[in-house]
Amino acid sequence: MFFNKNKTKVVPASEFTDYSERFEDLEAMRAEQGYATKKDVVVMASIPVLGAAGYAMYQSANKVSEVVATTPITEPINVLQQAPFPEPSTLTDVYTPIVANAIPQPTGFIADKSLETLATILDPMVQIMVAISFPIASVIMIGACFFFMFGNSERAWNMIMNAGLGYVLIQLSPLFLEILREVGEAV
């Protein structure tokens, strides 16, 4: 009884590597579901090759003669001489000259309006981020406590510190945006 468990038994490879029962109906399944056979793959792969070879033979048999100029070109073609630009006096009906600085714009008008528009667009998004930052930071910190239970305290402290830092920065983001706006107005 005690000596029996130390004896090794040699098992033929066919007993533990024979997977033939899994593939008994493989050929029937391939025929039923319409799988491609090796012959189908060879025939389909040869079609583009035969088509390219046939096209190359067609091109070589029907070579197009090269176009040769019958009269030599003695001077370069002057495009401006054949189609001159119209005189400015003839364009008065269609062409209206633009006078530079015709309507003076106050400096910074567009920048002020774009800054005001950007602040109007971003303000609700910043307020939403400030409102949801506490619940999200709380969920992350509670999730980090599970890492303490699993024995991964390094990752837990890392998650808690990152969640706390993210919460503080999000809460201070309206202050940062106000400082940025003041700097923009000062410049």
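Author: Happy to! In this predicted model, helix α3 has a kink of about 30° at I47, shortly before the proline P48. The helix runs over residues 38–61, 24 residues in total. From its first C-alpha to its last, α3 reaches 35 Å, close to the 34 Å expected at 1.5 Å a residue. Now look at how much of α3 is covered: the number of buried residues among its 24 is zero, so the helix lies largely in the open.

Next, let us turn to the aromatic rings. The structure holds two aromatic pairs. In one of them, the ring centres of F134 and Y167 are 6.0 Å apart and the planes stand at 65°; that angle is over 60°, so the pair counts as edge-to-face. F134 belongs to helix α5 (residues 109–149) and Y167 to helix α6, so this pair ties together parts that are 33 residues apart in sequence. F134 is exposed, at 52% relative accessible area, while Y167 is partly exposed, at 28%. F148 and W157 also make an edge-to-face pair, with 5.2 Å from centre to centre and 80° between the planes. F148 is partly exposed, at 33% relative accessibility.

Finally, stay with α6, which covers residues 153–186 and includes L165. L165 is exposed, with a relative accessible area of 52%. This leucine is one of the residues in a nonpolar surface patch, together with V168, L169, L172, L175, F176, I179, V183 and V187. Together they have about 850 Å² of accessible area.

Key: Residues numbered from 1 in each chain as written. Predicted model: local features only at pLDDT ≥ 70, side-chain atom pairs only at ≥ 80, totals over all residues. Heavy atoms only, no water. Patch = residues over 30% accessible without salt bridge, like charges linked within 9 Å, V, L, I, M, F, W, Y side chains within 5 Å. Areas by Shrake-Rupley, 256 points an atom, 1.4 Å probe, with all protein chains shown as cover. Salt bridge = Lys/Arg side-chain N within 4 Å of Asp/Glu carboxyl O. Helix = DSSP H or I, 4+ residues; strand = E, 2+ residues; numbered from the N terminus. Buried < 20%, exposed > 50% of the residue type's maximum accessible area, 1.4 Å probe, protein only. Expected span 1.5 Å × (residues − 1). Bend = angle between axes of the 7 residues up to and from the residue. Phe/Tyr/Trp six-rings, centres within 6.5 Å; stacked < 30°, edge-to-face > 60°.
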